[in-house]
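Colleague: I am new to this structure, and I would like to learn how to read its features. Could we go through them one by one?

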Amino acid sequence: MPRKTSQGSAEEFFPDKLSLPALRSAAADCKACDLWKRGTQTVFGEGTRRAIAMFVGEQPGNEEDLTGKPFVGPAGGLFNKALEEAGIDRRQTFVTNVVKHFKWEPRGKRRIHKKPNAQEISACHPWLEAEIAVVKPKVIVALGATAAQTLLGPKFRVTKQRGEFFESTLAPYVMATVHPSSILRAPDDETRRLEYRRFVDDLKKLARVIT
Ligand code: SF4
């Protein structure tokens, strides 16, 4: 878990009642770090309060920022396809991110993803903690290195430890795998196909735990 820093903390914006609607509404006004100035809106987690599995990515992307919904861009489409192939009903899941605002830098007319720094991750962490506390998922799956290191410690290596279940106080089972966007960035079709198969295989391990 990230340590608190001298920067602000999302906790300062918490509602009195910790329910998903109240948290989502409060997070919309969060200014605990500077990312609110750059993103269009806060992209809070989405899914059922009774979700068995919670998926945690790094931060919203361009389309998530514009729509206000997590996992709706091209990576979200690939994620949905892989879930279906692994036999996991997305309605039983909750999807969210470590950081709730899109961090980007301009490149021509495009907004290019920029990795959030440790202070931003730390400032935003209370929102994720609150989502976990309310949903109480049986399994948490970190997608990509930022989410994995936030949830499982800075020494965690997705390349070496993906697809394994780890003991954690966060949930009965915690696992990490790649972020679907990394599959889309594969250098060629064959690598992309192989990476997608490995991703589905990791999700199948999860399916065995939750079904
Ligand atoms: S990124 Fe998180 S902590 Fe920073 S302003 Fe947005 S919601 Fe608040």
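Modeller: Let us begin with the ligand: by class, its shell holds 9 nonpolar, 1 polar and 1 charged residues, where Ala, Val, Leu, Ile, Met, Phe, Trp, Tyr, Cys and Pro count as nonpolar, Asp, Glu, Lys and Arg as charged, and the others, Gly among them, as polar. This is a predicted model, in which local features need pLDDT of at least 70 and side-chain atom pairs count only at pLDDT 80 or more, while totals for chains, interfaces and linings use all residues. Residues are numbered from 1 along each chain as its sequence is written, and side-chain values use heavy atoms, with hydrogens and water left out.

Colleague: Which residues are around the ligand?

Modeller: A residue is near a molecule if one of its heavy atoms lies within 4 Å of it. Here the residues around the ligand include Cys30, Cys33, Trp36, Lys100, His101, Cys124 and Trp127.

Colleague: How do H1 and H4 pack, and at what angle do they cross?

Modeller: Axes are lines fitted to C-alpha atoms, for helices over the stretch in contact, and angles run from 0 to 180 degrees between N-to-C directions. The axes of helix H1 (residues 20–27) and H4 cross at roughly 170 degrees and come within 10 Å. H1 is therefore roughly antiparallel to H4, a term for angles over 145 degrees.

Colleague: Which residues make that contact?

Modeller: With contact meaning heavy atoms within 4.5 Å, H1 contributes Leu20, Leu23, Ala26 and Ala27, and H4 contributes Trp127, Ala130, Val134 and Val135. By class, the contact of H1 with H4 has 8 nonpolar, no polar and no charged residues.

Methods: Helices (H or I, at least four residues) and strands (E, at least two) are DSSP runs, numbered from the N terminus. Angles under 35 degrees count as roughly parallel, over 145 as roughly antiparallel, 65 to 115 as roughly perpendicular and the rest as oblique.
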